[in-house]
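Open the model in your viewer and keep the selection panel at hand. We will go from stop to stop, selecting a few residues each time.

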Amino acid sequence: MSGTLRRAAAALLRWGRGSGGVGLQGTGVRAAGSGAGGGQAEQLDALVKKDKVVVFLKGTPEQPQCGFSNAVVQILRLHGVRDYAAYNVLDDPDLRQGIKDYSNWPTIPQVYLNGEFVGGCDILLQMHQNGDLVEELKKLGIRSALLDEKQDQDSK
Amino acid sequence: MELSASSLRDKLQRDLEADHVEVEDTTPNRCATSFRVLVVSTKFEGKPLLQRHRLVNECLAEELPHIHAFEQKTLTPEQWTRERQK
């Protein structure tokens, strides 16, 4: 997986655009944990809208308990997205089922950007590979770190 | 309900009128609980990734709760042709 990610990052660096935007100084990932308060639709609605980037994982960003959750964490890390809310569904069975029902999506991890469901690991990975993720982050006012790496390389 | 690479392949092929389907059992000991699928279908044309994946999820709604890990790739015939030329 890391090999794939590295290749994808390299591919993205080759054609990523580098203009505008302000780097987001993240306050770090909040391990939101089990404070989600179960899986009621209204609560989940508030939860996914509370932060610009929200992920539901098996495990935590520091210790993902599943390869797919880990991939989501690594993709966000590559883009320098540090300020996101992560909820561990393994801490809360109601949340685990509730978010699947709420998103109408059968698997974990799940990614929300600006309150909108984006998809799971496969979709995030493909968005990373085709450059869409950089654009989506830009819409949120988050400048992907991959753009800065591109600039660094250009200036060398 | 039968959970096997061939049963998943048949179902995807039929319900999504797929031109091409690949199903790989990715369980280390091939105990058929983890799968990676590639579906090529004209039904994906003009649809964003999320909607394509939803079509696949709907098709396998009965099976997915019993599947531990599921990876999917959804391509239009045109994308599939380009992919193979790479």
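At what angle do helix 2 (residues 41-50) of chain A and helix 4 (residues 93-103) of chain A pack, and how far apart are their axes? The angle is about 80°, and the axes are 10 Å apart.

Some ground rules before we move on. This is a predicted model, where local features need pLDDT of at least 70, side-chain atom pairs count only at pLDDT 80 or more, and totals for chains, interfaces and linings use all residues. Residues are numbered from 1 along each chain as its sequence is written, chains are lettered from A and ligands numbered from 1 in the order in which they are written, and side-chain values use heavy atoms, with hydrogens and water left out.

**Stop 1: helices 2 and 4 of chain A**

Helices (H or I, at least four residues) and strands (E, at least two) are DSSP runs, numbered from the N terminus. Axes are lines fitted to C-alpha atoms, for helices over the stretch in contact, and angles run from 0 to 180 degrees between N-to-C directions. Helix 2 and helix 4 of chain A are therefore roughly perpendicular (under 35 degrees is roughly parallel, over 145 roughly antiparallel, 65 to 115 roughly perpendicular, the rest oblique).

Now select Ala41(A), Leu44(A), Asp45(A), Leu47(A) and Val48(A) in helix 2 of chain A. They meet Leu95(A), Gly98(A), Ile99(A) and Tyr102(A) in helix 4 of chain A; contact means heavy atoms within 4.5 Å. By class, this contact has seven nonpolar, one polar and one charged residues. Ala, Val, Leu, Ile, Met, Phe, Trp, Tyr, Cys and Pro count as nonpolar, Asp, Glu, Lys and Arg as charged, and the others, Gly among them, as polar.

**Stop 2: two loops of chain A**

Go to Pro109(A), in the loop between helix 4 and strand 4 (110-113) of chain A. A cis peptide bond joins Ile108(A) to Pro109(A), with omega about 10°. Next, pick Asn114(A), in the loop between strand 4 and strand 5 (116-119) of chain A. Its phi is near 55°, a positive value in a residue other than glycine. Why stop at these? Most residues other than glycine have a negative phi, and most peptide bonds are trans.

**Stop 3: helices 5 and 6 of chain A**

Select helix 5 and helix 6 (residues 132-139) of chain A. Their axes come within 5 Å and cross at roughly 95°. That makes the two helices roughly perpendicular. Leu124(A), Met127(A), His128(A) and Asn130(A) in helix 5 meet Asp132(A), Leu133(A) and Glu136(A) in helix 6.

Stay on Glu136(A). The side chains of Glu136(A) and Lys139(A) meet in a salt bridge, 3.0 Å from N to O (a side-chain nitrogen of Lys or Arg within 4 Å of a carboxyl oxygen of Asp or Glu). Both residues lie in helix 6 of chain A, three residues apart, about one turn of the helix. Over all chains, the count comes to 12 salt bridges.

**Stop 4: across to chain B**

Show both chains. How many salt bridges cross the interface of chain A and chain B? The rule finds zero. Still, 11 residues of chain A are in contact with 11 residues of chain B.

Finally, select helix 5 (residues 121-130) of chain A and helix 2 (residues 49-59) of chain B. They pack at about 150°, with their axes 10 Å apart. That makes them roughly antiparallel. Asp122(A), Ile123(A) and Gln126(A) make the contact with Leu49(B), Leu50(B) and His53(B).
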